[in-house]
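Here is a short briefing on one protein chain.

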Amino acid sequence: MKPSVVTIEPNGHFCSDCAVRASAVCSSLDAAELREFEHLGRRVHFASGETVFSEEDITTSFYNVIEGVMRLYKLLPDGRRQIVGFALPGDFLGMNLSGRHNFSADAIGAVTVCQFAKAPFGRFIESRPQLLRRINELAIRELSHARDHMVLLGRRSADEKVATFLLGWRQRLLALGGSLDTVPLPMSRQDIADYLGLTIETVSRTFTKLERHGAIEILHGGISLRDPARVEALAAA
């Protein structure tokens with residue numbers, strides 16, 4: 001975990017060119033509200049490996065992911081890392097009941113977030129029920145991802161886990177305009193292992209096995225789904 005040495009842009013004047021506004025927390029705001037809203041936030045850029053926030057830190061800000069991918073993880077008592085998710089553009093992070101972050105978030109590659117101070121953001125949403133509804137929708141989506149992850153960890157075989165992960169990741173990228181057949185994997189094999197509850201050796205062997213059976217082709221920085229039906233059958237097992 002690296003300390004955050006970040007580039008910060010001035011507040012405001014960036015909502016109009018935001019590529020993820022249609023799927024972000026602010027999608028429910030009208031033009032007048034958006035002009036007020038954009039002055040609450042600032043764009044912050046993190047380099048690869050930098051920490052956006054740490055588990056158990058007091059929550060002082062919320063974060064809307066604009067560009068890049070983040071790994072979300074908890075450290076277990078024995079020092080092992082359990083990755084609980086990967087954040088993509090449009091995801092909204094930092095909301096919690098305890099007042100402290102429930103997990104840590106690091107940048108995988110370059111990441112840009114829109115950062116909102118907690119207190120002004122809270123005042124802004126008080127009189128805007130449509131924004132509260134949008135936050136609830138995002139919270140429900142996050143809960144659904146968490147349930148899916150619990151089911152994934154309970155699957156019996158590494159083949160099932162990896163196949164389900166690849167299809168789920170492709171589905172999330174498709175929602176952002178990604179390709180149907182080529183699936184970028186910006187996270188490392190160790191990241192995937194820590195997400196699936198496997199060893200890195202098992203993940204690497206499973207990728208090789210899937211390629212040998214013609215289900216996928218391993219590319220630099222990702223995979224190509226050569227036989228989606230085979231992968232889907234594994235995921236449904």
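Buried means under 20% relative accessible area, exposed means over 50%, and partly exposed lies in between (1.4 Å probe, protein chains only). This is a predicted model: local features need pLDDT of at least 70, side-chain atom pairs count only at pLDDT 80 or more, and totals for chains, interfaces and linings use all residues. Residues are numbered from 1 along each chain as its sequence is written, and side-chain values use heavy atoms, with hydrogens and water left out.

**Helix H4**
- H4 is mostly covered, with 12 of its 17 residues buried.
- Among the buried residues are Asp-159, Glu-160, Lys-161, Phe-165, Trp-169 and Arg-170.
- H4 runs over residues 158-174 and reaches 24 Å from first to last C-alpha, close to the 24 Å expected (1.5 Å times one less than its number of residues).

**Annotated span**
- UniProt lists residues 156-229 as "domain: HTH crp-type" in an unreviewed entry; such annotations may be inferred rather than shown by experiment.
- This span, residues 156-229, is 54% helix and 15% strand, and its end C-alpha atoms lie 20 Å apart.

**Whole chain**
- The protein chain has 7 helices and 10 strands (DSSP runs: helices H or I, at least four residues; strands E, at least two; numbered from the N terminus).
- Its radius of gyration, 19 Å, is close to the 18 Å of the globule rule for 237 residues, so the chain is as compact as a globular protein of that length (taken over C-alpha atoms; the rule is 2.2 Å times the number of residues to the power 0.38).
- Of the 237 residues, 45% count as buried.
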